[in-house]
Amino acid sequence: MDGGRPQSRIETRKGGPPEQLGLPLTAFRGLGYTQYGNFHRVGGCSSEGATLSFAGLPNPEAGQNKPMRRPQIVRELARATSAQAVLWRREDLLLYEYDALSALRQPQAVVFPTTTAEVVRVVRVAARHGMPVIPRGAGTGLSGGATVAERGILLGFSRMKRIVEIDLENQRARVQPGVVNADLSAAVVDLGYYFVPDPSSQKACTLGGNVAENSGGPHTLAYGVTTNHVLGLEAVLPDGEVIHTGAKFWDRPGYDLTGLLVGSEGTLAIVTEITVRLCRRPEAVKTLLAIYDRVLDATRTVAAITARGITPAALEMMDGFTLRAVEEATHAGYPTDSAAVLLIEAEGLRETVEEQAEAIEAVCRENAARAIRQARSEEERALLWKGRKNAFGALGRISPNYYVQDGVIPRTRLPEMLEFTSEVEKRYALRIGNIFHAGDGNLHPLIMFDARDPSECERVVRAAKDLITRCVEMGGSITGEHGVGVEKNELMPLLFSEDDLAMQQRMKEVFNPSGLFNPGKVLPTGKVCGELRVQVSVGA
């Protein structure tokens, strides 16, 4: 005991964020939570065995653990679902201050529905009390979209995880929003099918979260992002009405409400069922690793490949700093003496793949690739992709904290953008690792910093804003797949005029006139003008 406050020892096992292990993520509040590989970093130390102080929680030794009376709204939520489906005590709510971005505020309650009918009842309870409702999947989002901006009821979908129907004859599936992305592919892989969108967090993130953010992934270059694989939705409106959009077939007549809801981050309706497209696994796959002594040559190769009319299934890039961290963490076979690599994948019919791989190799050599390797086995291919998808975590092993950005530029301007990133690195005396979906220009610069240094924290936010602003100036966007959330909603005026934003606000009010669904997300609130909203400093 220290000063009458209880000490709690948090111990995590390998395999996922504390949230997925049933641990309160906000026990780490203000200490700079960072995931790396199978471990998770809190401030400057691993979360395995980290000792933290929970100030202000009931202390049994001090006789403060008297039963607390449930608030009226909690009793109503329990009747709408079950007593076991509602969390309301402060120590239970600690976890839900966070997603993978940062901490905001605790919800008034967290509810775990199991059916659409329960979601309807919860939404109606919230409406009677004028209480916001915030939907949440696995909490892996990087823009604060699943956190509480001011107050509200957090609707957790971890218990709505049924695959309702698999219809292979029509290559369709119906799922609840809590189904984990990778689990859907695992359910049909032995039958020769899979679900294409593959975010790096696919072993943890849910399809409901993918729909909310319109998630992408390395293999969406050729096949499209989440919206291209969602055919229909069941969703609940703020008054409890249930609507159905789209169908099992393409191009249903009328307005494309499915396309409107995908990527709306829970601000228009709360999705309770998703109809998705399944794809056949390709007959053949070739994975190439092109190795470069200059970053500029690697970026020029990206534009040259697409200029030849070649569209690989995936086209990823890592700079030398990043790939050295990846190799140290995963031992995937990345060359640690190179300045950059391109990880390229061709897939389809065997003959077509052979031709495409030869054409890609030729372009790489024309643009000064010093070597090109082909994965010789499925195991070698899997290891290369393991390195790529664990890259964020690998960088977490060598830095107390990092802040990842998610901008988009035309791929022809990659050389120019990476030169600018180097300038920003020098201007703010920071280290920036570059890893991104090169084929579609979706950048993920990772800015290394130490949250214990207030000056460094300030420089990180300024550097990130400079990078995102330059993306927009180059004809790109403030986000490619991580969403707007609360992180970038005040930057929306960089992309849209006042009239554009007013139109979007009117559209939002058609679905969500009370503003109770996920308030403070996507559209600017006007409270902070033109700033990134992210907590990167150590604080109480």
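The legends below describe an overview and several close-up views of one predicted model.

In this predicted model, local features need pLDDT of at least 70, side-chain atom pairs count only at pLDDT 80 or more, and totals for chains, interfaces and linings use all residues. Residues are numbered from 1 along each chain as its sequence is written, and side-chain values use heavy atoms, with hydrogens and water left out.

**Figure 1. The whole protein chain.** The chain holds 15 helices and 26 strands; helices (H or I, at least four residues) and strands (E, at least two) are DSSP runs, numbered from the N terminus. Of its 540 residues, 56% count as buried. Here buried means under 20% relative accessible area, exposed over 50%, and partly exposed in between (1.4 Å probe, protein chains only). The average pLDDT, the predictor's confidence in each residue from 0 to 100, is 87, and 84% of the residues score at least 70. Over residues 1–64 the pLDDT is below 50.

**Figure 2. The aromatic pair of Y96 and F112.** A search of the whole structure finds two aromatic pairs. Rings of Phe, Tyr and Trp (its six-membered ring) pair if their centres lie within 6.5 Å; planes under 30 degrees apart count as stacked, over 60 as edge-to-face and the rest as tilted. Y96 and F112 are edge-to-face, at 6.2 Å centre to centre with 65 degrees between the planes. Y96 is in the loop between α2 (90–93) and β7 (109–111), and F112 is in the loop between β7 and α3 (116–129), 16 residues apart. Both Y96 and F112 are buried.

**Figure 3. The aromatic pair of F392 and Y402.** F392 and Y402 form an edge-to-face pair, with 6.5 Å from centre to centre and 70 degrees between the planes. This pair joins helix α12 (residues 391–396), which holds F392, to strand β21 (residues 401–404), which holds Y402. Y402 counts as buried because its relative accessible area is 17%.

**Figure 4. Two arginines over phenylalanine rings.** A charge sits over a ring if NZ of Lys or CZ of Arg is within 6 Å of the ring centre and within 35 degrees of the ring normal. The charged end of R431 sits over the ring of F321, 4.1 Å from its centre. For R470 over the ring of F420, the distance to the ring centre is 4.0 Å.

Figure 5. Helix α8 (residues 295–307) has 13 residues and should span 18 Å, and its end C-alpha atoms are 19 Å apart, which agrees. The expected span is 1.5 Å times one less than the number of residues. Buried residues of α8 are D297, A298, T299, T301, V302 and I305. Their cover includes β17 (284–292), β18 (314–319) and α10 (350–366). R308 is in the loop between α8 and β18, and counts as partly exposed because its relative accessibility is 48%. R308 touches V363 and E366, not counting residues up to four places away in sequence; contact means heavy atoms within 4.5 Å. Also just after α8, G309 takes a positive phi of about 80 degrees.

Figure 6. E265, a residue other than glycine, has a positive phi near 60 degrees. E265 lies in the loop between α7 (257–261) and β15 (270–277), and is buried, with a relative accessible area of 5%. A429, also not a glycine, has a positive phi of about 55 degrees. The loop between α13 and β23 (431–433) holds A429, which is exposed at 59% relative accessible area.
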